[in-house]
Amino acid sequence: MTEKIQRKSLLMYAMEGGVWLGLYLLARFVCGIAGMYSPLFNTVAMLLFIGTPVMLYYVLMRFHKQSGHLSGFGMLWMMGIMLFFFASLISCIPEYIFYQYISPDYIANAATQSLKMIEEMGVMEDSVTLEEMRKMLSADALPSAMQMVMSTMWANVFFGSLLSIVVAPIVLRKKK
């Protein structure tokens, strides 16, 4: 009898690749937080941010090779969207723990520092946005940890989708 080789589904590839991309995004987040205290970690965080398209390229290329080069642009694009979704699920759990339990005043401190920096720059002195930021801080109307995590998650998926549009044709052009 002949054995039938079962290929993994697109969803399985996306979940497996999402684990690696999620760990990558988590390392980027940790280095970004540590970068507030050390210029070395800040540099590493920037390098990891710049390296995100390279990481996506390698994950998409691995999927493209393992799927027997049967994947087209639409499938690679969908793979990228799902990769960033599953990666966000993994990286956002520690982010929530950080915002909620490790450093609950992080969001307030970041908003205060942002407002102070904008005021020092003097570019938005009579801006409605600057006045609204002052009102938010005085009323303590800042986003919760869950709101921060959800916005990070959707931003990852959105920008991952845009990045996948750029990276997918590069993967397809790569010669065997």
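## Helix α3

The expected span of a helix is 1.5 Å times one less than its number of residues. In this predicted model, helix α3 covers residues 52–66, a run of 15 residues. From the first C-alpha to the last, α3 reaches 21 Å, close to the 21 Å expected at 1.5 Å a residue. Just after α3, Gly68 takes a positive phi of about 75°.

The buried residues of α3 are Thr52, Leu56, Tyr57, Val59, Leu60, Met61, Phe63 and His64. The elements that cover these buried residues include α1 (10–34), α2 (39–50), α4 (73–102) and α7 (145–173).

## Gly18 in helix α1

Gly18 lies in helix α1. The cut-off for a buried residue is under 20% relative accessible area, and Gly18 counts as buried because its relative accessibility is 0%.

Leaving aside residues up to four places away in sequence, Gly18 touches Leu83, Phe86, Ala87 and Ile90. Gly18 is also 9.8 Å from Ser91 in space, C-alpha to C-alpha, while 73 residues separate Gly18 and Ser91 in sequence.

## Aromatic pairs

A pair of aromatic rings is described by the distance of the centres and the angle of the planes. The structure holds eleven aromatic pairs. One of them joins Phe29 and Tyr99: the ring centres are 6.0 Å apart and the planes stand at 80°, so the pair is edge-to-face, given that planes over 60 degrees apart fall in that class. Phe29 belongs to helix α1 and Tyr99 to helix α4, so this pair ties together parts that are 70 residues apart in sequence. Phe29 counts as buried because its relative accessibility is 15%, and Tyr99 counts as buried at 7%.

Phe98 and Tyr99 also form a pair, with ring centres 5.8 Å apart and planes at 65°, so this pair too is edge-to-face. Both Phe98 and Tyr99 are buried. Ring pairs link Phe29, Phe98, Tyr99 and Tyr106 into a cluster.

## Largest pocket

The largest pocket holds about 530 Å³ of space. Its lining has 18 residues, and those closest to the pocket centre are Arg28, Phe29, Gly32, Tyr99 and Tyr106. Phe29, Tyr99 and Tyr106 are also among the residues of the aromatic cluster.

Helices α1, α2, α4 and α7 each supply at least two residues of this lining. The most come from α1, which gives five residues. By class, the lining of the largest pocket has ten nonpolar, six polar and two charged residues.

## Second largest pocket

About 230 Å³ of space lies in the second largest pocket. Its lining is made of Leu25, Arg28, Phe49, Thr52, Pro53, Phe84, Ala155, Asn156, Phe159, Gly160, Leu162 and Leu163. Arg28 is also among the residues closest to the centre of the largest pocket, and Thr52 is one of the buried residues of α3.

At least two residues of the lining come from each of α1, α3 and α7. Helix α7 gives the most, with six residues. The lining of the second largest pocket divides into eight nonpolar, three polar and one charged.

## Largest cavity

A search of the whole structure finds one cavity of 30 Å³ or more. The largest cavity holds about 70 Å³ of space. The residues that line the largest cavity are Tyr13, Glu16, Gly17, Val59, Arg62, Phe63, Gln66 and Met79.

Helices α1 and α3 each supply at least two residues of this lining. Helix α3 gives the most, with four residues. Val59 and Phe63, both in the cavity lining, are among the buried residues of α3. By class, the lining of the largest cavity has four nonpolar, two polar and two charged residues.

Notes
Residues are numbered from 1 along each chain as its sequence is written. This is a predicted model: local features need pLDDT of at least 70, side-chain atom pairs count only at pLDDT 80 or more; totals for chains, interfaces and linings use all residues. Side-chain values use heavy atoms; hydrogens and water are left out. Buried means under 20% relative accessible area, exposed over 50%, partly exposed in between (1.4 Å probe, protein chains only). Contact means heavy atoms within 4.5 Å. Rings of Phe, Tyr and Trp (its six-membered ring) pair if their centres lie within 6.5 Å; planes under 30 degrees apart count as stacked, over 60 as edge-to-face and the rest as tilted. On a 1 Å grid over the protein atoms alone, a cavity is a set of points where a 1.4 Å probe fits but cannot get out, and a pocket is an open set with protein on both sides within 12 Å along at least five of seven lines; lining residues have an atom within 4 Å of a point. Grid points are joined across faces, edges and corners, and a volume is the space filled by probe spheres set on the points. Ala, Val, Leu, Ile, Met, Phe, Trp, Tyr, Cys and Pro count as nonpolar, Asp, Glu, Lys and Arg as charged, and the others, Gly among them, as polar.
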